[in-house]
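Visitor: Pick one part of this model and take me through it closely, residue by residue where that helps. I'd like to hear how it ties in with the rest of the chain.

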Amino acid sequence: MKAVILKKAGLEPLLEVVERPVPNLKSTQVLVRVGAVGLCHHDISIMDGTIRRGVPENIVLGHEIAGNIVEIGSDVSDRTPGEQVITTLTSSCGQCEMCLKGSEYRCVYGLGFGHKLDGGLTEFIAVDARNVFPVSSNISVVEASLVACPIGVSVKALYDLAEIKSGQTIVVFGAGGGLGVHALQVASDVGTNVIAFTTSPHKLGELEALNIGQVFLSEDGIDPSELVHAFTEDRGADIVFNPVGSALLHSSVSSVALSGKILILGEIERPSASMNVTELMFRDASLIGSTGADLFNIEKAISLVESGSVKPIIGSTLGFEDLLEAYTLVKRREPIGRIVLQP
Ligand SMILES: [Zn+2]
Ligand SMILES: [Zn+2]
């Protein structure tokens, strides 16, 4: 079978399509024929060399994996060949203290697909049955690839960490990106007032077409928090969703309401933020980091997508062999939502 490997990380990463044997199936695993893989900013950070720790040589990237089961191990009873499935973001053991308390993403023995363990940019992948979820075949395989990440990741941050409630006001930065465009849908489904910001003029039309809250183009010289305060009678936002990182840390703190929560889910630039901590302190506000999605977050994401409450937003679909082109497009922040790669 064919697989795409990362030969060398760097600003111009070196990729290669190689021939690999189809994996041997363990008794607890299922073999998935990969149909689509979302290209996450995590993959981009491994490709450009920002993330190096724990990444083995010649890694197969991709943790946003959807496909169909073609074979099941002898001990697997709850999955059937032919089913459309998505994978979790990491392989988990199901038995350690983290798994037992439901934090499977933080499994003590967990290995992230496309990071420590080969990921989805290959024709077949063997995955433990506990790490796949069925997704209705009414959802296309391309759309299904985005359910665990970024949709499940948005669910974890908003539901578990920010404890989002109807009637709250939420600011979503980076609203045209993969996390932002799905987070604003998850938030809207709860019944919040959404104030969204994008720096990309070409994404504005599509964001407005989602018909969710207010969408603004971030403009040089105007801090987004000024608009947030103008639209909230100077209260600020209960939740600030920041997938951009340092570059918007100051604006995030200035936008948050008393006792509000700021969620940090990404770092687009190299870390370089400084902030006035008293602003956080005098607001009784919380700054919360969040990555990943646990099993029940993924189950929630599946129900949101299957019910039509959240629509996976696909910027474009390309072939596995077009990974470098996709990397360049993401670096230029061109696509709205996610680029999805197909074999
Ligand atoms: Zn991802
Ligand atoms: Zn575990």
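Guide: Ser259 sits in strand β14, which covers residues 256-264. Helices here are DSSP runs of H or I with at least four residues, strands are E runs of at least two, and both are numbered from the N terminus. Bear in mind that the model is predicted: local features need pLDDT of at least 70, side-chain atom pairs count only at pLDDT 80 or more, and totals for chains, interfaces and linings use all residues. As for labels, residues are numbered from 1 along each chain as its sequence is written, while chains are lettered from A and ligands numbered from 1 in the order in which they are written.

Back to Ser259: its phi is positive, near 60°, and it isn't a glycine. Ser259 is exposed, because it has 10 other C-beta atoms within 10 Å; the cut-offs are 20 or more for buried, 12 or fewer for exposed and partly exposed in between, with C-beta atoms placed from the backbone. Glu233, in the loop between α7 (224-231) and β13 (237-242), also has a positive phi, near 50°. With 7 C-beta neighbours inside 10 Å, Glu233 counts as exposed.

Ser251, in helix α8 (residues 249-255), is buried, with 21 other C-beta atoms within 10 Å. Leaving out residues up to four places away in sequence, Ser251 touches Asp223, Pro224 and Ser225; a contact means C-beta atoms, placed from the backbone, within 7 Å.

Now for domains, whose bounds come from an automatic or database assignment. That assignment gives domain 1 (2-146 + 312-342) and domain 2 (151-289). Their C-alpha centres lie 28 Å apart, and 9 residues of domain 1 are in contact with 9 residues of domain 2.

The largest nonpolar core has 100 residues, and Val32, Ile86, Val147 and Val172 touch the most other members. Such a core is a set of buried Ala, Val, Leu, Ile, Met, Phe, Trp, Tyr and Cys residues joined through C-beta atoms within 7 Å. Helix α4 (residues 147-161) supplies the largest share of this core, 8 residues.

Helix α4 itself has 12 of its 15 residues buried, so it is largely enclosed by the rest of the structure. Among those buried residues are Val147, Cys149 and Pro150. Cys149 and Pro150 are joined by a cis peptide bond, with omega about 10°.

What does α4 pack against? Its axis and that of helix α10 (residues 295-306) come within 8 Å and cross at roughly 110°. Axes are lines fitted to C-alpha atoms, for helices over the stretch in contact, with angles from 0 to 180 degrees between N-to-C directions. That makes α4 roughly perpendicular to α10, a label for 65 to 115 degrees; under 35 is roughly parallel, over 145 roughly antiparallel, and the rest oblique. The contact includes Val147, Ile151 and Val155 of α4 and Ile298, Ala301 and Leu304 of α10. By class, the contact residues are 10 nonpolar, 2 polar and 3 charged, where Ala, Val, Leu, Ile, Met, Phe, Trp, Tyr, Cys and Pro count as nonpolar, Asp, Glu, Lys and Arg as charged, and the others, Gly among them, as polar.

Methods:
Two residues are in contact if their C-beta atoms, placed from the backbone, lie within 7 Å.
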